[in-house]
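Hi there,

Here is the structure I promised to pass on to you. Have a look at it first, and then read on for what turned up.

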Amino acid sequence: RVVSPNDASSSSSSSSSSESNDADAALPYCEAGVAVASSSSSSSGLDINGLPTADAKAQIIEWLEAKGIGKRQVNYKLRDWLFARQRYWGEPFPLIYPEGGDGSAVAIPEDQLPLMLPETDQFKPSGTPESPLAVIDSWVNTTDPATGAPARRETSTMPQWAGSCWYYLRFIDPGNSAALVDKAKEQYWMPVDLYVGGAEHAVLHLLYARFWHKVLYDLGVVSTKEPFGRLVSQGMILGEVEYSYLVGADGKVALDDDPHATVVKVSEAEVDKKGDGYVLRSDPSVRVTARAHKMSKSRGNVINPDDVVQEFGGDSLRLYEMFMGPLRDTKVWSTRGVEGVHRFLARVYRAFEAGVADVPASREQLRLLHATIKKVSTETEELRFNTGIAAMMEFINGVYKWDNRPRAALEPFVLLLAPYAPHIAEELWSRLGHSCSLAYEPWPTADESLLVVDTINLPVQVQGWLQLCCSGEGGVDQDGCCCW
C-alpha cells in the first residue's frame with residue numbers, strides 16, 4: 001500500500017465491521033487517506049510520507065515544477081465535434097486552396113462574405129468522398145484574391161451549427177448588414193429568457209451554442225456570458241404500449257429466461273388487466289408483458305403527425321401533447337387520448353355554436369371564469385400545461401350547466417384557449433363578431449374580488465360517516481360555523 005485510511009476514519013469504524021475490514025485488507029486501498037511508504041531516494045528530495053492525499057498531490061506538483069519536468073494544468077474532457085459534412089446542405093467554408101501552393105487553406109477576404117451556396121438541382125453524391133459541390137465547376141473553380149492564381153474552393157459544408165448556434169442573436173437584428181447584431185438591441189433583448197429542448201440537446205445544440213456565445217463574448221460582440229437564462233428539458237414521447245408474451249420451440253408459453261423463445265405480439269383488445277399486470281383474454285394463465293418503447297422505424301411504432309392531423313386536426317394533436325402529463329416527464333403515446341381531447345374541443349365548439357347572449361353574467365358565472373383565468377395563467381407561466389387544460393375542461397363542464405351563455409363570461413375563455421388550440425380559437429373569435437385576429441388581444445386578468453366564495457358547504461361526519469351538509473356564508477370561523 002502507498003495510501004492508508006485516515007486515523008480518524010479507521011478509529012471511528014465499529015467493531016461489527018472489523019471482519020469486513022480484515023477481508024478487505026488484501027485489496028488495494030483506492031480512496032483518499034494518508035501516504036505511506038512513499039519516500040523516494042534521499043537525493044531526489046521528495047518525501048510525502050504521512051501527508052493527506054490532497055497535500056501529497058500538491059507537494060508532488062511543486063516538486064515536478066521545481067525540477068522542470070512537469071507543470072500543473074487543468075484538463076477538460078470534451079468529445080470531438082465533427083464540423084465538416086460532405087453534402088450540399090450547410091454553410092460553405094469560406095476557404096480556398098491556391099494551385100501550386102503547399103496545400104494550405106486560405107481564407108477568402110471579408111468583403112466576399114457571406115459565401116453563398118450555388119443554385120443547383122444536382123444534390124446527388126459526386127462519386128468521390130467529396131460533397132456534391134465538387135462537381136459544380138463554376139462554383140468550385142475560382143481565383144486567389146491575393147495573387148490572381150487559380151484556386152479551388154473547399155467543398156465540405158458546415159453541419160448547419162454555424163447558423164443555429166447564434167440564430168437567436170440574428171433574430172434580434174435581422175436586417176443589419178453592417179454588424180452581426182446592434183449592441184443596443186443585444187443589450188436590451190439578451191439573454192434569452194427560456195430554452196426548451198430535449199435531453200439530447202444538452203450535449204448538442206445547447207452546448208455548441210454556449211461555446212459560440214462565449215467566443216462572441218470574448219470578442220466583445222455580446223454583453224452576456226451565457227446566452228440562455230433558464231433551461232427546461234421536455235420529456236420523450238414513447239410509442240404506444242406494446243403487449244406480448246413468449247412462446248418456446250414446442251409452441252407452449254415460455255419463461256422470460258428461455259433463450260429459444262420467440263415474442264408473440266397481441267393487440268390491446270386481446271388482453272385484460274389483472275392486478276398490476278396483464279393476462280391473455282383467451283387464456284388468463286398467460287401473463288402478458290406491457291411496455292412502451294422509444295419510437296423508431298425499426299420497431300414500426302413511429303406516430304406520423306400528418307396522419308394524426310388528417311384524422312383529428314392540428315389543434316387536437318397540439319392540445320393532446322400538452323395534456324399528456326408534466327412537460328419534463330417521459331410520456332406514452334395513446335391514440336385514444338387524442339380522441340378524448342378531440343371530443344373536448346368539439347364540446348367547446350358546441351358551447352359557442354348556438355351563439356352568446358349580450359346579457360349580464362351572474363356572479364357565479366364570473367367567479368368560474370375568473371377562477372379559470374387565474375388557474376390557466378399560473379399554469380401556463382409555470383409550463384404546467386396539462387393542469388391548465390384540465391382547468392379549461394372544468395370551465396366547459398360548468399358552462400353546460402348554465403341557463404344562458406353571456407358574452408362577458410365566454411369571450412375571455414377563447415383567449416385562454418388560443419395558445420393551446422389556436423385554430424379553433426381564431427374561428428370562435430370570428431364567430432363572436434371580431435374582424436381582427438385575437439393574437440393582438442391582451443391576456444385576460446383575473447379579478448380577485450370575484451374569487452371570494454359567498455357560500456360554503458360544510459360536511460358533518462359522525463364516527464367517519466357523512467350525516468349532513470350545512471351551508472352558510474363564507475369567511476366565518478369555527479365558532480360561526482357552529483351557529484348554522
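How much accessible surface does the protein chain have, and what share of it belongs to carbon and sulfur atoms? The accessible surface is about 30,900 Å², and carbon and sulfur atoms account for 54% of it. Please keep in mind as you read that this is a predicted model.

Let's begin with the overall picture. The protein chain contains 16 helices and 17 strands. Its radius of gyration is 35 Å, while the globule rule gives 23 Å for 484 residues, so the chain is more spread out than a compact globule. Of the 484 residues, 31% are buried. If you take the contacts between residues at least 6 apart in sequence, 57% of them join residues at least 24 apart.

On to charges. There are 45 positive and 64 negative side chains in the protein chain, and the centres of these two sets lie 2 Å apart.

Now for the inside. The largest nonpolar core has 50 residues, and the members that touch the most others are Phe352, Met392 and Phe395. Several helices give two or more residues to this core, including H9 (305-312), H11 (335-353), H12 (363-381) and H14 (407-417). The most comes from H13, which gives 8 residues.

Is Asn397 buried or partly exposed? Asn397 sits in helix H13 and has a relative accessible area of 36%, so it counts as partly exposed. Asn397 and Arg347 are 50 residues apart along the chain, and their C-alpha atoms are separated by 9.0 Å.

The other residue is Val36, in the loop between strand E2 (34-35) and helix H3 (53-67). Val36 is partly exposed too, because its relative accessibility is 28%. How far apart are the C-alpha atoms of Val36 and Val106? These two residues are 70 apart along the chain, and 57 Å separates their C-alpha atoms.

Enjoy exploring, and write back with any questions!

Best wishes

Conventions
Residues are numbered from 1 along each chain as its sequence is written. This is a predicted model: local features need pLDDT of at least 70, side-chain atom pairs count only at pLDDT 80 or more; totals for chains, interfaces and linings use all residues. Side-chain values use heavy atoms; hydrogens and water are left out. A nonpolar core is a set of buried Ala, Val, Leu, Ile, Met, Phe, Trp, Tyr and Cys residues joined through side-chain atoms within 4.5 Å. Buried means under 20% relative accessible area, exposed over 50%, partly exposed in between (1.4 Å probe, protein chains only). Helices (H or I, at least four residues) and strands (E, at least two) are DSSP runs, numbered from the N terminus. The radius of gyration is taken over C-alpha atoms; the globule rule is 2.2 Å times the number of residues to the power 0.38. Contact means heavy atoms within 4.5 Å. Accessible areas come from the Shrake-Rupley method with a 1.4 Å probe; for residues, only the protein chains shown count as cover. Lys and Arg count as positive and Asp and Glu as negative; His and the chain ends are not counted. The place of a charge is taken as NZ of Lys, CZ of Arg, CG of Asp or CD of Glu.
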